[in-house]
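Reader: I would like to learn how to read a protein structure. Please go through some features with me.
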Amino acid sequence: MKPIDFSQVPSPSFVVDERLLTKNLELLKSIQDRTGCRILLALKGFSMHATFPLVGQHLAGITASSLFEARLGYEKMGKEVHVYAPAYVEHEMDELLSYVDHIVFNSFGQWAKYRDKVKSTGKAIECGLRINPEYSEIETALYDPCAPNSRFGVTLENFDASQLDGLDGLHFHAMCEQNSDTLEHIIEVVEEKFGDALHQMKWLNFGGGHHITREDYDVEKLVNIINHIQEKYNLLVYLEPGEAVALNTGYLVATVLDIQKNGMDLAILDTSATCHMPDVLEMPYRPMIIGSGQANEFAHTYRLGGLTCLAGDVIGDYSFETPLKPGDRLIFTDMAHYSMVKTHMFNGVNLPSIISYNDEEGLKVIREFTFEDYSGRLS
């Protein structure tokens, strides 16, 4: 595979390698082909709509969590549009329903409130209910939708089978960056708690968090689980990965602006943890940099910091074989998912440019941002 010349892109910038994206999409499509399930791109994880024509060649559509995500998927991909939200904003519902094919409600109260409106649209919109199996194996509390007192989904204690009439499917989401063995455990709990209701459904949505495109992911186990559920309950399985679609497909290119010393060597970059890679602060998450090592692994260790005035805008400690100097480019890996959708302009710091690469067109600048993007969000 021809290497990308990162010296030719603006700094900072996100660069998505469409060759690697295609590789992920082909694997996901093979699972659809083998099982008959449908796989959706979760826009909360990856929303680079310049790639939607490519994604749409392989996947069944998108899943959204808001009006704007639903509209983006409807306008830019034009395939199935699914939506789920913890609660829907009443004045947005008419527009939202004009875009969607499936809508999942978080509670029986939301279902009762909107069922007549959905049915009166004249569209064939399928309706679902999110259930909460109260079981997960997620270690980071921030990302655990099944933690005690979670606001997501209906627990067995609050599940009223008498209100299922008119619902087409059930939805659960209990995973985060996990393998199919975790899904196997969750499915056992779902079947035990909600198996009777599944016999009444047309579909079951397994949610997201499936790390399908990771090298060690057990695809065969996933295929077996999907086939088991579809055959046992005579229904259709949906999956809605976000991260797995764009896993290991993108980079963040940054430049060293200055070198300082305060107890250790410090390097200030033209990027920012808080603005451009907030998972570094939220997860916490340590992105890899091509040619770097852990602190003190190589001869020269630096604490890499962003250019905002936030004291905690620190990416982490990295070591390099040769000293860093202003003008050096650093290439952060696996930055296509979540980082791109979470960027913001705190401190008026500009957003990274968005670049794509394929062998036919080479590097292509999709979007560069300006002052108007910043001022337009303010009043």
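Predicted model: local features only at pLDDT ≥ 70, side-chain atom pairs only at ≥ 80, totals over all residues.

Reader: Which strands make up the closed barrel, and how do they pair?

Author: Strands (E, at least two residues) and helices (H or I, at least four) are DSSP runs, numbered from the N terminus. Two strands pair if DSSP finds at least two bridges between them. Here eight strands, in the order S2-S3-S4-S5-S6-S7-S8-S9, form a closed barrel with parallel pairing. On average, neighbouring strands of this sheet are turned by 25° against each other, direction ignored; axes are lines fitted to C-alpha atoms, for helices over the stretch in contact, and angles run from 0 to 180 degrees between N-to-C directions. Helix H7 (residues 219–233) packs on the sheet and touches strands S8 (203–205) and S9 (236–239), its direction making about 140° with that of S9. Contact means heavy atoms within 4.5 Å.

Reader: How many bridges join S5 and S6?

Author: Strands S5 (residues 102–105) and S6 (residues 126–130) pair over four bridges in the parallel sense. His102 has Glu126 in S6 as its bridge partner.

Reader: Do S10 and S11 run parallel or antiparallel?

Author: S10 (residues 250–261) and S11 (residues 265–269) run antiparallel and are joined by five bridges. Asp258 has Ile268 in S11 as its bridge partner. The hairpin of S10 and S11 has three residues between the strands, and Gly263 takes a positive phi near 80° there. S11 also pairs with strand S12 (residues 300–305), in the parallel sense over four bridges.

Reader: Is Gly73 buried or exposed?

Author: Buried means under 20% relative accessible area, exposed over 50%, and partly exposed in between (1.4 Å probe, protein chains only). Gly73 counts as buried because its relative accessibility is 2%. Gly73 is in helix H3 (residues 67–76). Leaving aside neighbours within four places in sequence, Gly73 is in contact with Leu43, Phe52, Ile62, Gly78 and Val81. The C-alpha atoms of Gly73 and Phe52 are separated by 8.3 Å, with the two residues 21 apart along the chain.

How values were computed: Residues numbered from 1 in each chain as written. Heavy atoms only, no water.
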